[in-house]
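Please open the model in your viewer and keep the selection panel at hand.

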Amino acid sequence: MDELTKVVRDYVIREYLEEGDDREITETTPLISGGIVDSFSMVSLRRFLEKKYSIHIPDDAATPQAFDTVKSIVALVRRFQNAELKSA
Amino acid sequence: MTYPPAYQELTTKFEWAIGERELGYKPGGPINIGAMCSDRLCNLGLAKKLALLWEDYQGNEKRFTYDDIRVLSNTIAHFLCGLGIQPGERVCLFMDRVPELYIGFLGILKTGAVAQPLFSAFGEESLLVRLGDAETSAIITQKKHVHKVRQIRGHLPKLRHIIVVDAGGTPLQEREVSFQMDQAPRVGQFPVYPTTAESPSVLHYTSGTTGQPKGAQHVHYSIISQYLTAKWVLDLRPDDIYWCNADPGWVTGTSYGIIGPWSNGITQVVLDSGFNAKRWCQFIEKCRVTVWYSAPTAIRLLMKEGEEAVREHDLSSLRHLASVGEPLNPEAVAWSQRAFGKPFHDTFWQTETGCIVISNLPGMPIKPGSMGKPFPGITATVLDPKTYEPLNQPGVAGLIALRPGWPSQVRTYWNNEAGFKAKFKNGWYLCGDRASIDPDGYFWFMGRDDDVINTGGHLVGPFEVESALLGCPAVAESAAVAKPDPVNMEVVKAYVSLKPGFKPSDDLELEIMNHIRRRLSPLAMPQEIEFVDCLPKTRSGKIVRRILRCKEFNEPVGDLSTIMDD
């Protein structure tokens, strides 16, 4: 598991997984549709990613689909990391 | 009568006794919502009819006939009686949208106890306030949520039983007991407690502009209006497949996610999953849903995905669409006409009304953006905020008010009779919202009349958020106000002044946001925090949220003569 994936997964487990929820969080575990992260909590997750990786995620990219798995979140971060590099 | 009946036909000679006769209720006799939604349907020959098709986010499915929910609600009722639960005691349901939540609701009511459903995403502070105020005797929950109860049980001396429905082999702690619905010996016959019309049934907590959330006490007679409005507004017919995606932790999920459909003998489907456009559309397609009761937030999220995402699926089964929680903007009505081939019908009501009070009835011409007209039997108007007299002037905004006396009208606020009485002025019940009425009698929503934040169709009280913010070490003072949001209509925004030694930063903002999310709920979490040196106050030191709200909505602030100069 690469570092970015690990950071995202660990943050999700630490901040959003209920203490008594014994589900394993993999790269493809549904987070929004699985009820682990709801659409209101997405804002704090987005804020964490933007701060941690010095990126800006536009509103139209911050969809429940984009935040539904660790894998899709990592893809989202990489997309906007690349965008930041290109504009630098 | 034509079908669907014209509004005028329905209002002519309307009486709530129509619902009483159809439900077989004799005034003065016993009436129990739990039995009305299960035993009664079996007695009508619907024992083998599918009552509930449940599916989780992984696609696991469970099916329950009306006889299943009759027997399983008996089983839960029997279990509760075995624990010593007495009529009138409060029993909380604190679960995800699992079958035990829906069936447990009926089981509690069959014992004569009061069902107190709470949103499973509530944090321990939200839970403590509501369980403490209600002096709840028992809570039915899941192992993933029991840790929150464990954290606060020391502050809840009246909480005798913590019932875990999926404990399995998990070690239990003090006051905890396991109950597995699918393994408990089934109870075929249960002596339903003879509740009467005014016996307390459901206690729903709702946020207000001042103080902590209030427990809106409903009674068993409320089923009369919940049954009839479900039938007429949601157009429920015997062969329908109905989906209400509201959580039973909120009043929509009980009035129209349990009582409405099941008292009408309808098959309903439940998807225990967060929002996912594709998943939701697949569910509608698979179940052949005919009537869908949803919310503007969900509709706007679907709009973001685009019409194509909807059209990829065969949703031709959908016959009637309705919406609740916040005003349905005209763009959403137009979009649904394009995407689904039919419009969402807006409905207006609240925890205290217990049922839909203003709506766009099937067959009634829809004016996109309008709440619709009062349901037959409901007298609604808008009042002058100074005199509390009906305005009788088309297009002029006033306070939405209802003439008291409909079956599901809230009977009181638990332990807060004074707060309850304050909701009535000049013989009218005040909803707390503002609207205007057009010359055709359609109501047009203008906004809240107070500081309550309506986010995603759920009310959040600023006091609760501000109290939790004061629990953050860095926070000196705070004000929680509504901020406009394109998806949720409003979200919570907090203005915060910091204690000496603390400096504003992105890290601190995120820390505070997560603190509120964990302690209260994701709904109450400020989606933005603005650090300020000081908050606007009156000369007596009271924070004036109105000024901050007006700033967020780009509205004029009005009279500032009472505000401190600094």
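How far apart do the C-alpha centres of domain 1 of chain B and domain 2 of chain B lie? They lie 29 Å apart. Before going on, note that this is a predicted model, in which local features need pLDDT of at least 70 and side-chain atom pairs count only at pLDDT 80 or more, while totals for chains, interfaces and linings use all residues. Residues are numbered from 1 along each chain as its sequence is written, and chains are lettered from A and ligands numbered from 1 in the order in which they are written.

**Stop one: the two domains of chain B**

Select residues 7-433 of chain B for domain 1 and residues 453-553 for domain 2; these bounds come from an automatic or database domain assignment. Here 24 residues of domain 1 of chain B are in contact with 19 residues of domain 2 of chain B, where contact means that the C-beta atoms of two residues, placed from the backbone, lie within 7 Å. On the side of domain 1 that touches domain 2, α7 (124-134) and α12 (296-305) of chain B each supply at least two residues, and the largest share, 4 residues, comes from α12(B). Such helices (H or I, at least four residues) and strands (E, at least two) are DSSP runs, numbered from the N terminus.

**Stop two: the core**

Next, select B:Val91, B:Ile139, B:Ile140, B:Val357 and B:Val465, which have the most contacts inside the largest nonpolar core, a set of 185 residues. A nonpolar core is a set of buried Ala, Val, Leu, Ile, Met, Phe, Trp, Tyr and Cys residues joined through C-beta atoms within 7 Å, and a residue is buried if 20 or more other C-beta atoms lie within 10 Å of its own, exposed if 12 or fewer, and partly exposed in between. Helix α5 (residues 66-82) of chain B gives the largest share of this core, 8 residues. Because domain 1 and domain 2 of chain B both give residues to this core, it lies between them.

**Stop three: one proline**

Finally, select B:Pro213, in the loop between β8 (200-206) and β9 (214-219) of chain B. Is B:Pro213 buried or exposed? B:Pro213 counts as buried because it has 21 C-beta neighbours inside 10 Å. Leaving aside neighbours within four places in sequence, its contacts include B:Val129, B:Arg130, B:Gly461 and B:Glu464.
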